[in-house]
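Reader: I'd like to go through this one with you, one question at a time. Here's what we're looking at.

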Amino acid sequence: MSTPDTSLVRVLDETGRLAPTPEAERYLPLIEALGDAELERFYRDMVTIRAIDTQATNLQRQGQLALWPPSRGQEAAQVGSGRAARAQDTIFPSYREHAVTRIRGVDPLDIIKLMRGVSHGGWDPTDPKNGNTRLYTLVLGSQVLHAAGYAMGLNFDGRTGTGDPERDEAVVVYYGDGASSQGDVHEAMVFAASYQAPTVFFLQNNHWAISVPVTTQSRVPLVQRSAGYGIPSVRVDGNDVLASYAVSRVALDEARAGGGPRAIEAVTYRLGAHTTSDDPTKYRGNDEEQSWERRDPIVRMRAFLQGRGAAESFFAEVDAEAADAAEDLRARTVQLGPPSPDAMFDHVYSEPHPLIEEQKAWRARYEASFEGEAR
């Protein structure tokens, strides 16, 4: 197989000007079909999730959360791909896909519950209100195996490749450049390619696996890893929400139609820390961070919309809505109480189990033995 072209698919340049690269030409009809409302929704999504992300980071610093993984800088990759998926598609996130999960209907407070330690999973992935979104996965790369297996099941059940785009399903799975070095990811690609499972592997290359740079992780562009398994692979500017949307839309449509797996490397940058327990100043320089700040996906999209004539009142409205969403998250977070002690037993098995019931009863008796004693 020939070495894939590693040039980026880009529609907007760093100043927000419409300047598609040659690799973007095939995607332009999808961009041109977008109306003002859809373009403004992309911007609204990015601004709102950044405000929520900033608020969650502050809540962790104030002792309200045990941990928070910031997504600042990666909004375009997530919003574009999240908006490209159809309602019947299934999403397998890693642990930083705050924009994607919100687009699919997950309440950000459910992520907060997980990071606060008052929930064992965060949300019910089978509840329709959560948009077929699986739970966050903190074990690097394991969700990629889950996604490939689920997509294989779609094939076996005849739920994909039928020729009905309103019914056919696909899977999109998110992972990072660090996770791309995990064996689970490569095993998933082997099975997805072998069984032509409708899986879109969405790699967010944010350049740092905690403190390990991508140049150490791979001697070749990461897009070549998926291409090596015979999976059609595209490299996109992950800070360009329009390019992210178009590339993801095409990949999902092709996978859904029976074309087998597809892979996307979204080249972006983690502007914040890996998590709130990390200090990026220990391993990367200020010049690098500033160079990526100038490629901020929100600033880029704002400039594009301004060039199209969007009113300043629109941007003020979005800022106000984002601030309200962040403040609402804060208010609901500080009101969270402790979880029920029984929660640790309730979902160990899908059906009642005598051993679990015995342990649950023992805990109740043990705690009751302290009643009336001085604490």
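Reader: How much space lies in the second largest pocket?
Author: A pocket is an open set of points on a 1 Å grid over the protein atoms alone, with protein on both sides within 12 Å along at least five of seven lines. Points are joined across faces, edges and corners, and the volume is the space filled by probe spheres set on them. For the second largest pocket of this predicted model, that space is about 360 Å³.

Reader: Before we go on, what are the ground rules on numbering and confidence?
Author: Residues count from 1 along each chain as its sequence is written, and side-chain values use heavy atoms, with hydrogens and water left out. The model is predicted, so local features need pLDDT of at least 70 and side-chain atom pairs count only at pLDDT 80 or more, while totals for chains, interfaces and linings use all residues.

Reader: Which residues lie nearest the centre of the second largest pocket?
Author: Its lining, meaning residues with an atom within 4 Å of a point, has 22 members. They split into 11 nonpolar, eight polar and three charged, where Ala, Val, Leu, Ile, Met, Phe, Trp, Tyr, Cys and Pro count as nonpolar, Asp, Glu, Lys and Arg as charged, and the others, Gly among them, as polar. E2 and strand E4 (208-209) each supply at least two of the lining residues; strands (E, at least two residues) and helices (H or I, at least four) are DSSP runs numbered from the N terminus. Nearest the centre are Ser 94, Tyr 95, Arg 96, Leu 140 and His 274.

Reader: And which elements give two or more residues to the lining of the largest pocket?
Author: That pocket has a volume of about 550 Å³. It is lined by 23 residues, and Ser 119, His 120, Gly 121, Gly 122 and His 347 lie nearest its centre. By class the lining has eight nonpolar, nine polar and six charged residues. The elements giving two or more are helix H5 (108-116) and helix H14 (343-346).

Reader: Which element gives the largest share of the lining of the second largest cavity?
Author: This one holds about 40 Å³, and its lining includes Ile 49, Ile 52, Trp 68 and His 98. By class that lining has seven nonpolar, one polar and no charged residues. H2 and H5 each supply at least two, and the largest share, three residues, comes from H5.

Reader: How far apart are the end C-alpha atoms of H2?
Author: H2 covers residues 36-61, so 26 residues in total. The expected span is 1.5 Å times one less than the number of residues, which for H2 gives 38 Å. The model agrees, because its end C-alpha atoms are separated by 38 Å.

Reader: In what order do the five strands of the open sheet run?
Author: Two strands pair if DSSP finds at least two bridges between them. The edge strands, pairing on one side only, are E1 (90-92) and E6 (233-237). With parallel pairing, the order is E1-E2-E3-E7-E6.

Reader: How many residues of E7 are buried?
Author: Buried means under 20% relative accessible area (exposed is over 50%, partly exposed in between; 1.4 Å probe, protein chains only). Both faces of E7 are covered, with Arg 262, Ile 264 and Ala 266 on one side and Ala 263, Glu 265 and Val 267 on the other. E7 is largely enclosed by the rest of the structure because the buried count is six of six.

Reader: Which residue is the bridge partner of Arg 235 in E7?
Author: On the E7 side, Ile 264 stands opposite Phe 202, whereas the partner of Arg 235 is Glu 265.

Methods
On a 1 Å grid over the protein atoms alone, a cavity is a set of points where a 1.4 Å probe fits but cannot get out, and a pocket is an open set with protein on both sides within 12 Å along at least five of seven lines; lining residues have an atom within 4 Å of a point.
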